[in-house]
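Dear colleague,

Please find the structure below, handed over for your own work.

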Amino acid sequence: MDHAVSLSADDRLDIRDVERRVKAIFIGSVGNLVEWYDFYAYTAFALYFAPAFFPNSDPVVQQLNAAVLFAATFLMRPLGGWLFGYIADRHGRRLSLTLSVVCMCFGSLIIAVTPTYASIGIAAPAILAIARVIEGLSLGGEYGASATYLSEVADAKHRGFYSSFQYVTLIGGQLTAIIVLLLLQKVFLTQQELQEWGWRIPFVIGAFLAIFAAVMRRNLHETEAFEEAKKLARPTGSITGLLKYPRELLLVVGLTAGGTAAFYTFTTYMQTFVKLSVGLTADQTTFVIFGSLVFATLLQPIYGALSDRIGRKPLLIFFGVVGTLATIPILTTLKETKSPLMAFLLICAAWIFVAGYTSINAIVKAELFPTKVRALGVGLPYAITVSVFGGTAPAVALYFKSLGHEDWFYYYLSGMIFLSLIIYATMRDTKHESAMHRHE
């Protein structure tokens, strides 16, 4: 009888523990969604506000200008990775997550109220650039802090599954931006109203959502791993401490390079590609991208759970091999098709291998570093790599297009994935050799 009672108490304890973890992961993930919604609202509405900030008769040049500004914001991400990684390792994950979303709120508000080029001339794109720099700083910190937080609050058997929700909400941010775009396009505003002033609305929404997320994050509990590490030694979060792990730092760069180039190609750049290169209408473009992103979102937890069973390395190698071989045929066929359904199916086919990277890349990086430098170790080298290879992907593609050699980009992307494949094939499987338990 006593034994049965004790079992019941244990079960209740387990349920409470699961509820606590799920709640923490939900709040951490929702904040991540808001951050990425704010960031992607820029891309979703670029077709509308680019003429207001970059007056030019050539739509490709307009888009190129917007894409270059998109890439410029990524130059701030390493600084954000360092700043918020330092705060997370020194003062706690919760504080870092809260400050990063407050920072995003300011960036979004600035875009919402910036006058156009016609009103204030060159100051308009300059102010837009400052706002994007603030957003880039915020996102640079968000990735490392949220990846660390999600990996530390998850239980050891389900880390891959739980941490996959970072990319569920990351892609969810882009989906939310597209939903707002559709509602404004189809329900609330005319095309002219959207072009004149309606594009400001999503940035106002983003600023309010960021405030809501900041309030939620203030109530997050700190991770046990951080509390344990604090007992063992005074937290530093310093670059000097991080440099004691040169192999791990290089691994983060290598395993990110091809994955981030593929991710930004099949999310950010796809909207421009299917409109300007494939020749779909604005409506067809929106629905094709939306549908493919829903498909991508569904894949993340499936692949994350699979990595908990078979390991992280097989999924990374799957992405590397199939990505290297299939990227050129998929993009070549995509450009030739005129069918929205075929475009949707081809982008979904790409996601089948891209999800092998996106679903688990955060947990793989977190499992490389001990607690005291984890947020900085995950965030800083990742942010540097994304700045060089991820944020620049749309600009590189549009540059090749402006030269009349768009297909050069297909080979560039395939080559990037192959370079990362070399790393995947030679690195350890972090599921089996994890540093999550190391608090020294």
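The count of aromatic pairs comes to 16, where rings of Phe, Tyr and Trp (its six-membered ring) pair if their centres lie within 6.5 Å, and planes under 30 degrees apart count as stacked, over 60 as edge-to-face and the rest as tilted. This is a predicted model, in which local features need pLDDT of at least 70 and side-chain atom pairs count only at pLDDT 80 or more, while totals for chains, interfaces and linings use all residues. Residues are numbered from 1 along each chain as its sequence is written, and side-chain values use heavy atoms, with hydrogens and water left out.

One of the pairs is Phe161 with Phe165, edge-to-face at 5.3 Å centre to centre and with 85 degrees between the planes. Phe161 is partly exposed at a relative accessible area of 28%, and Phe165 is likewise partly exposed at 26% (buried means under 20% relative accessible area, exposed over 50%, partly exposed in between, with a 1.4 Å probe and protein chains only). The ring centres of Tyr269 and Phe409 are 5.9 Å apart and their planes stand at 65 degrees, so this pair is edge-to-face. It links distant parts of the chain, since Tyr269 belongs to helix α14 and Phe409 to helix α21 (residues 407–426), 140 residues apart; helices (H or I, at least four residues) are DSSP runs, numbered from the N terminus. Both Tyr269 and Phe409 are buried. Ring pairs also join Tyr167, Phe263, Tyr264 and Trp351 into a cluster.

In helix α20 (residues 393–402), the buried residues are Ala393, Pro394, Ala395, Ala397, Leu398 and Phe400. Just after α20, Gly404 takes a positive phi of about 85 degrees.

Finally, Leu243 lies in the loop between α13 (239–242) and α14 (246–276). Leu243 counts as exposed because its relative accessibility is 57%.

Notes
Helices (H or I, at least four residues) and strands (E, at least two) are DSSP runs, numbered from the N terminus.
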